[in-house]
Amino acid sequence: MCTLYKLFGLARRGELPPEFDMWELHDEHGATLAHAAARNGKLPPDFDQWGIMDGEGWTVAHEAALRGFLPPDFDRWELKDFAEWSVRDVYDLWKKNADKMKGE
């Protein structure tokens with residue numbers, strides 16, 4: 001049997017099995033397995049559950065955008081978090097900061 005703690009480790013490392021589909025599982029703080037994988041750029045190529053929210057209303061897409069891990073064919077730019085930030089807003093902020101850091 002696999003504990004939630006172990007599942008989070010597998011998600012962070014991109015080691016969940018290809019047929020895994022329980023991305024919305026979360027810890028006591030509302031952090032989901034999908035957010036853990038997105039934070040580390042380890043979502044599977046066919047991932048499509050971008051709207052899963054954590055306990056603070058932050059979607060998986062927002063997490064991936066903040067880290068620069070959105071796939072090239074991403075098309076859910078309109079998703080918003082509880083503060084009304086779109087994925088496009090977050091991505092643009094990440095891009096601006098990434099470009100700024102390259103120039104330093």
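This passage describes the helices of a predicted model and two of its residues, Glu63 and Gly57.

The model is predicted; local features need pLDDT of at least 70, side-chain atom pairs count only at pLDDT 80 or more, and totals for chains, interfaces and linings use all residues. Residues are numbered from 1 along each chain as its sequence is written, and side-chain values use heavy atoms, with hydrogens and water left out.

The protein averages a pLDDT of 93, pLDDT being the predictor's confidence in each residue, from 0 to 100. Of the residues, 94% score at least 70. Among the elements, H2 has the highest mean pLDDT, at 98. Helix H4 (residues 87-103) has the lowest, at 85. Where pLDDT is low, the predicted coordinates should not be read in detail.

Helices (H or I, at least four residues) are DSSP runs, numbered from the N terminus. Helix H1 spans residues 4-13. Its residues Leu7, Phe8, Gly9 and Ala11 are buried, where buried means under 20% relative accessible area with a 1.4 Å probe, protein chains only. H2 is part of what covers these buried residues. Gly14 follows H1 and has a positive phi, near 70°.

Helix H3 covers residues 60-67. Six of its eight residues are buried, so H3 is largely enclosed by the rest of the structure. These are Val60, Ala61, His62, Glu63, Ala64 and Ala65. After H3 comes Gly68, again with a positive phi, near 80°.

Glu63 has a relative accessible area of 5%. Its side chain makes a polar contact with the side chain of Arg67, at 2.9 Å. A polar contact is a pair of N or O atoms within 3.5 Å; within protein, one must be able to donate a hydrogen and the other to accept it, and residues adjacent in sequence count only if both atoms are side-chain atoms. Beyond four places in sequence, Glu63 touches His35, Ala38, Arg39 and Trp58. Contact here means heavy atoms within 4.5 Å.

Gly57 lies in the loop between helix H2 (33-39) and H3. Gly57 is buried, with a relative accessible area of 0%. With neighbours within four places in sequence left aside, Gly57 is in contact with Asp81 and Phe82. Gly57 and Lys80 are 23 residues apart in sequence. In space, the C-alpha atoms of Gly57 and Lys80 are 8.8 Å apart.

Methods. Buried means under 20% relative accessible area, exposed over 50%, partly exposed in between (1.4 Å probe, protein chains only).
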